[in-house]
Amino acid sequence: MADMNNPETVEVPDELPLIPLRDLIIFPNLVVPLFVGRDRSIKALEEAMRTDHVVALVAQKEAETQEPQIGDLYEIGSAATVMQELKLPDGTAKALVEGVVRIQVEEVIHTEPFFKVKVKVVEKEEGPQLETEALMRNLVSQFEQTARLGKPIPQEVLLASMNIDEPGRLADFIAFHLNLRADEKQRILEAVGSQDRLELVGSFMSKELEILEIGSRIQSRVKEQMTKTQREYFLREQMKAIQKELGGLDEQQAEIDELRTQIQEAEMPEEVEEKALKELGRLEKMPAAAAETSVIRTYLDWLVGVPWKMETEEKLDLKSAQKILDEDHYGLEKVKERILEYLAVHTLTEKMRGPILCFTGPPGTGKTSIGKSIARSLDRKFIRMSLGGVRDEAEIRGHRRTYVGALPGRIIQQIVRVGTRNPVFMMDEIDKVGADFRGDPTSALLEVLDPEQNNEFSDHYLEVPADLSNIMFITTANLLDPIPPALRDRMEVIHFPGYTEEEKVQIARNYLVPKQTKEHGLGKTHLKITDDGLQNIIREHTREAGVRNLERKIAAICRQTARRIVEGKTESVKANAKNMHEFLGPAQFSFGMAEEKDAIGLATGLAWTEVGGDVMSVEATVLQGKGDVLLTGRLGDVMKESATAGVSYIRSRADDLGIPPDFNQKRDIHIHVPGGAIPKDGPSAGITMAIALISALTKTPVNREVGMTGEITLRGRVLPIGGVKEKMLAAHRAGLREIILPSENEKDLELVPKKVRSELKFIFVDHMDDVLKAALITPKKRAKKSS
């Protein structure tokens, strides 16, 4: 039997178990520890231990492959003897293997439960030649040189390389100890001839030596530079002394004089100028190489950059401002009136603090875009700063100068950028400001947005008061609730309601269609969208309070028109209600009645959401049971309480309503609001849920043309609710004809557009008895309706 400790006596069988290697190349005549973790590899190792202790070791082409197949392995590897094997507690194994000879995988015998392959030996040892001897000596010399240049090579490895007299073995030995990539070592393993191998290792060694020599030169240069810097420092100090004697100025002094001139020309307030000159004095006394020099210089640059007195001259022309506002936006009369009022007062008085407005309303209603129009109408610079996701107070107030890389807050930065102290400053999405361990930005905004305080706004970085009172601040929000009450109190809130259908048609015709046709390179003759086509888009392809989705649909029509024209299919396109499905596909929403027919246990309510008003169906059914009340549709606590109050009211009036008094003991009640994925809350659906339940208990249908909203009490009183305008617009969009409203909400109808009011019939109620008369279709009403 062959001696396992002597690789030269080991006979390599034709068939061997195979272990794939990751990022590891085993060379012949070298002993290497091997960690084996994959199931197939462990079984291959066990097979080798059971037979003749010889295993094939072949590297993977890609180390990331977890379960390699034969195609993922190189063809050339090494046959190795397993000298020791140790099972580890985690199920893996550790083995000590010694490479024997190069092999080539010729055929796969099987792949399960481990790889077994047919191999052939490809080792080719050449006889001694003068050229080979020269290559060997050169390689050993280069190996020694890498050690001298700092390569961590143990002394015993160097001595071992000097004692190897076989060329191929020497190449393998040095290649193993070089810091080469796995694919480079594989190239050496695949070089069968010993001379080829020596030349390949020599080329890699030359590259390694070059890298080490470059590193040595860099290190030497750095050392020289440090010595040179110290020398230059002493010479510079001597030069300063000489120039001082001669009365000359150095470069730093010239820079300080320039900063002094800028401070004097900046027209700073006395307190700020005193602070700037004090910092300039500190800078003048500091050595140029001091770490704080750049900090003070940056601070002075920011102080000089603030427009302390620089203002944009306003255009106080009401007619011109009105024209600009009307050009850019249709409707929004309340906002336009507020801007014109500001201009009128500013015309009469020279000194006037900038107003602080808060535009709130659903997305797509023009809150952000009108800010630019306001700046244009006043002929002021415009700044827009998004506050969405801001969580750090330093974003508003800046960082203190003690921090590395400190800067002023974004408000001062933006004012410096535009170079004027009276811009129109829009803070977008103020309701989406967050707070965490770094502070609460909304608390910092209290000072910014307070007309009584913002004339002395304190930025942490500047450390001097800055006057923000001339800025017209405009904030925007979708919801007022997330804004802290103290901050909300400092702003004049202007609500942006949703647009009516008529307003949307006007906006689309006058603004959106011209804008999109221009952006898509279409002329006036290329595309015509008729009014009935626009109305079709609004009714059947969008359902929103604003016009953002409407603009997207118009853009889609423009894209398709552009394609048809470019392909030569047509020279002009006309989009109307009849062919709109060709551009936008089938209708996404059905326009008309909220419900198709009068139904028992089904009432139509009106709701207010973040994106405007909406129509909401409420279903109620009565089942055999034990008196349980089941509420579904992702209802909030307030809505659940409204439903419970409605059930209690019905129980108290059961006799009057013709309902068995013990209905709550023998039957279960299930109230459901469709749209289960959408959270719903608020008290305004109280009368709707009560009507749906009374309809289900009395088997009386609810009039499908009637929408309702109002809060219910235990005694049946109907209390007022909010969001009347948005709810009426939603009812009008849905095609409802009659609206039941609490009497106290009659005054809120003044805010509803006249066209909407004229097309809806309003029924004002104080008690549930009035709601029952208006909403339920009694047999008498049914006969009258059918006739």
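Visitor: What makes Lys275, Glu279, Arg282, Glu292, Arg401 and Glu463 a network of salt bridges?

Guide: In this predicted model, Lys275, Glu279, Arg282, Glu292, Arg401 and Glu463 are linked by salt bridges, a term that requires a side-chain nitrogen of Lys or Arg within 4 Å of a carboxyl oxygen of Asp or Glu. Side chains of opposite charge can pair when their charged atoms come close. A search of the whole structure finds 33 salt bridges.

Visitor: What kind of model is this, and which residues does it let you discuss?

Guide: The model is predicted, so local features need pLDDT of at least 70 and side-chain atom pairs count only at pLDDT 80 or more, whereas totals for chains, interfaces and linings use all residues. Residues are numbered from 1 along each chain as its sequence is written, and side-chain values use heavy atoms, with hydrogens and water left out.

Visitor: How do you know whether Lys87 and Glu46 are buried, exposed or partly exposed?

Guide: Buried means under 20% relative accessible area, exposed over 50%, and partly exposed in between (1.4 Å probe, protein chains only). Lys87 has 45% relative accessibility and therefore counts as partly exposed, and Glu46, with a relative accessible area of 26%, is partly exposed too.

Visitor: What is the N to O distance between Lys120 and Glu106, and which strands hold them?

Guide: Their side chains meet in a salt bridge at 4.0 Å, N to O. The pair links distant parts of the chain, with Lys120 in strand E6 (residues 115–121) and Glu106 in strand E5 (residues 93–110), 14 residues apart. Lys120 is partly exposed at 38% relative accessibility, and Glu106 is partly exposed at 46%.

Visitor: What makes Glu429 and Lys432 a salt bridge, and how are the two residues classed by accessibility?

Guide: The side chains of Glu429 and Lys432 meet at 2.9 Å, N to O, in a salt bridge. Glu429 is partly exposed with a relative accessible area of 25%, and Lys432 counts as partly exposed at 38%.

Visitor: Why is Val117 called buried?

Guide: Val117 lies in strand E6, and its relative accessibility of 0% makes it count as buried. Leaving aside neighbours within four places in sequence, Val117 is in contact (heavy atoms within 4.5 Å) with residues including Asp14, Leu16, Leu18, Ile70, Val105 and Ile109. Val117 and Leu18 are 99 residues apart in sequence and 6.7 Å apart in space, C-alpha to C-alpha.

Visitor: Where is Leu462, and why is Leu462 classed as it is?

Guide: Leu462 is placed in the loop between strand E10 (457–458) and strand E11 (465–466), and its 0% relative accessibility means that it counts as buried. Residues up to four places away in sequence aside, Leu462 touches Tyr299, Trp302, Leu303, Val306 and Ile412. The C-alpha atoms of Leu462 and Ala690, 228 residues apart along the chain, are separated by 61 Å.

Visitor: How do you know whether Ser684 and Ser41 are buried or exposed?

Guide: Ser684, in the loop between strand E20 (667–672) and helix H24 (686–698), has 15% relative accessibility and so counts as buried. Ser41, found in helix H1, counts as buried at 5%. Not counting residues up to four places away in sequence, Ser41 touches Ile19, Pro20 and Val36.

Visitor: How is the chain as a whole built, and why is the chain described as spread out or compact?

Guide: The chain has 28 helices and 26 strands. Its radius of gyration is 42 Å, well over the 28 Å that the globule rule gives for 787 residues, so the chain is more spread out than a compact globule; the radius is taken over C-alpha atoms, and the rule is 2.2 Å times the number of residues to the power 0.38. Of the 787 residues, 47% count as buried.

Definitions and conventions. Helix = DSSP H or I, 4+ residues; strand = E, 2+ residues; numbered from the N terminus.
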